[in-house]
Amino acid sequence: MMKNIELLDLRLLRWAVRAALFLGVAASVAANILHAQPNLISQTISAWPPVALLVTVELTSRIPMTRWWLAALRILATIVIAGIAAWVSYWHMVGTVSHYGESSPYAVPLTVDGLIVVASGSLVELAGRIRTVEARLAQV
């Protein structure tokens with residue numbers, strides 16, 4: 001019974017972490033769109049990097065890693081996508097925050113990127129813990 005409660009707690013926590021990740025990605029997408037040229041194509045292109053990161057993190061956290069080389073490849077690709085998304089979104093957010101008069105335009109984007117990094121790592125860690133608890137429950 002205690003392990004069932006632990007599993008439920010971990011699953012609820014995973015949803016909270018997903019909400020935090022979604023919030024960070026939404027802030028990044030919003031800043032990217034605000035910084036883009038006022039046309040649908042430019043706005044769509046600027047919104048893509050954080051959306052790609054969100055999908056990549058979800059795939060990395062949901063699919064169990066069974067072969068070390070595939071796991072390494074997946075994690076490396078996620079890091080590359082995260083780096084691209086962070087670079088693009090950082091400068092878009094600096095431009096957007098500056099445009100709207102914020103006095104610390106270079107610091108504000110770090111709060112968004114930091115949230116995304118913490119939530120992404122937490123989501124991957126939680127997925128592993130949930131699988132461990134589920135495996136223990138299956139043995140009982």
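Modeller: A helix is a DSSP run of H or I with at least four residues, a strand is a run of E with at least two, and both are numbered from the N terminus. This is a predicted model, in which local features need pLDDT of at least 70 and side-chain atom pairs count only at pLDDT 80 or more, while totals for chains, interfaces and linings use all residues. Residues are numbered from 1 along each chain as its sequence is written, and side-chain values use heavy atoms, with hydrogens and water left out.

Biologist: How many helices and strands are there in the chain?

Modeller: The chain has four helices and zero strands, so that, read from the N terminus on, its elements run α-α-α-α. After α3 comes Gly 101, and the phi of Gly 101 is positive, near 90°.

Biologist: What span should the 32 residues of α3 have?

Modeller: The expected span of a helix is 1.5 Å times one less than its number of residues. For α3 this gives 46 Å, which agrees with the 46 Å between its end C-alpha atoms. Helix α4, residues 108–139, also has 32 residues, and it reaches 48 Å from its first C-alpha to its last, close to the expected 46 Å.

Biologist: Which residues have the most contacts inside the largest nonpolar core?

Modeller: A nonpolar core is a set of buried Ala, Val, Leu, Ile, Met, Phe, Trp, Tyr and Cys residues joined through side-chain atoms within 4.5 Å. The largest one here has 21 residues, and Leu 21, Val 25 and Ile 116 have the most contacts inside it. To this core α1 (2–35), α2 (40–62), α3 (68–99) and α4 each supply at least two residues.

Biologist: With which residues is Val 25 in contact, leaving aside its neighbours within four places in sequence?

Modeller: Contact means heavy atoms within 4.5 Å, and Val 25 is in contact with Pro 50, Val 51, Leu 54 and Ile 116 once those neighbours are left aside.

Methods
Buried means under 20% relative accessible area, exposed over 50%, partly exposed in between (1.4 Å probe, protein chains only).
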